[in-house]
Amino acid sequence: MARFASLPISARLALWYALTLMLLLSAFAVFSYAGFHAAAHRSFDRHLEHEMGAVKPLVAVGPDGTLDARALANEASVATRLEGPDGTYVRVLASSGAVAYQSRNFAAAPPLGVELAGARAFSREWAGGPIRTLIDPLRSAAGGTVGYVEVTGYEWGRHRELRELGWTLVGGVLLS
């Protein structure tokens, strides 16, 4: 500290200016990254909601609360057309957690292990990759929840973009 105090006032002002600029740029980078991260999840949620809109009308709920997913099994919907990590994973679950329907790409995948009473949309790691899941309840004519429709997709591209943005922001702050 004594060494800093012995510097000429112009040097001290320049150092304070540089430190302030670095802190402001760092704060800008953190807020930019956080905003882009939230926007990426909202964008993927809209994609999953679109898939949910294609799938959910194909699941019939009987008067006694039974689930009939035969129309979904026979439909080559947009949501289940792609196989593998680029496709959407679709399941229909009874309120007990029993699987009433699952898309073909679930056959080679490990169990998802979803908490049905949990959040409506969430991210996590699954089968070695980042996924986002959207869960929507199925209601009987009486209004009770009889099951759930679950759509899941990998977020490979979103996470790659976030990593690249993070490194670009760190590089920009350091170069500044």
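Threonine 133 is buried, with a relative accessible area of 0%. This residue belongs to a predicted model, and threonine 133 lies in strand S6. The side chain of threonine 133 makes a polar contact with the side chain of threonine 152, at 2.9 Å.

**The sheet**

Strand S6 is part of an open sheet of five strands, whose order is S4-S3-S7-S6-S5. The pairing in this sheet is antiparallel. Strand S4 (99-102) and strand S5 (121-126) are the edge strands, and each of them pairs on one side only. From one strand to the next, the twist averages 25°.

Helix H2 (residues 9-55) packs on the sheet. The strands that H2 touches are S3, S5, S6 (129-139) and S7, and the direction of H2 makes about 45° with that of S6. With 47 residues, H2 reaches 69 Å from its first C-alpha to its last. That span is close to the 69 Å expected at 1.5 Å a residue. Several residues of H2 are buried, among them Ala29, His41, Phe44, Leu48 and Met52. Asp45 and Glu51 of H2 are also buried.

**Strand S7 and its two neighbours**

How many residues of S7 are buried? Nine of its 10 residues are, and S7 is described as mostly covered. On one side, S7 (residues 145-154) pairs with strand S3 (residues 88-94) in the antiparallel sense over seven bridges. Valine 92 has valine 149 of S7 as its bridge partner. S7 also pairs with S6, again in the antiparallel sense, over nine bridges. For proline 137, the bridge partner in S7 is tyrosine 148.

S6 and S7 form a hairpin with five residues between the strands. In this hairpin, glycine 143 takes a positive phi near 100°.

In a regular strand, side chains alternate between the two faces of the sheet.

**Aromatic residues**

Across the whole structure, a search finds three aromatic pairs. Two of these pairs are set out below.

| Pair | Centre to centre | Angle between planes | Type |
|---|---|---|---|
| Tyrosine 89 and tryptophan 126 | 5.1 Å | 85° | edge-to-face |
| Tryptophan 126 and tyrosine 154 | 6.0 Å | 20° | stacked |

Tyrosine 89 lies in strand S3 and tryptophan 126 in strand S5, so their pair ties together parts that are 37 residues apart in sequence.

Why does the pair of tryptophan 126 and tyrosine 154 count as stacked? The planes of the two rings are at 20°, and planes under 30 degrees apart count as stacked.

Are the residues of these pairs buried or exposed? Tyrosine 89 is buried, with a relative accessible area of 5%. Tryptophan 126 is buried too, with a relative accessible area of 4%. Tyrosine 154 is likewise buried. Tyr89, Trp126 and Tyr154 together form one aromatic cluster.

Definitions and conventions:
Residues numbered from 1 in each chain as written. Predicted model: local features only at pLDDT ≥ 70, side-chain atom pairs only at ≥ 80, totals over all residues. Heavy atoms only, no water. Pairing = 2+ DSSP bridges. Helix = DSSP H or I, 4+ residues; strand = E, 2+ residues; numbered from the N terminus. Axes fitted to C-alpha atoms, helices over the stretch in contact; angles between N-to-C directions. Contact = heavy atoms within 4.5 Å. Expected span 1.5 Å × (residues − 1). Buried < 20%, exposed > 50% of the residue type's maximum accessible area, 1.4 Å probe, protein only. Polar contact = N/O pair within 3.5 Å; in protein donor to acceptor, adjacent residues only side chain to side chain. Phe/Tyr/Trp six-rings, centres within 6.5 Å; stacked < 30°, edge-to-face > 60°.
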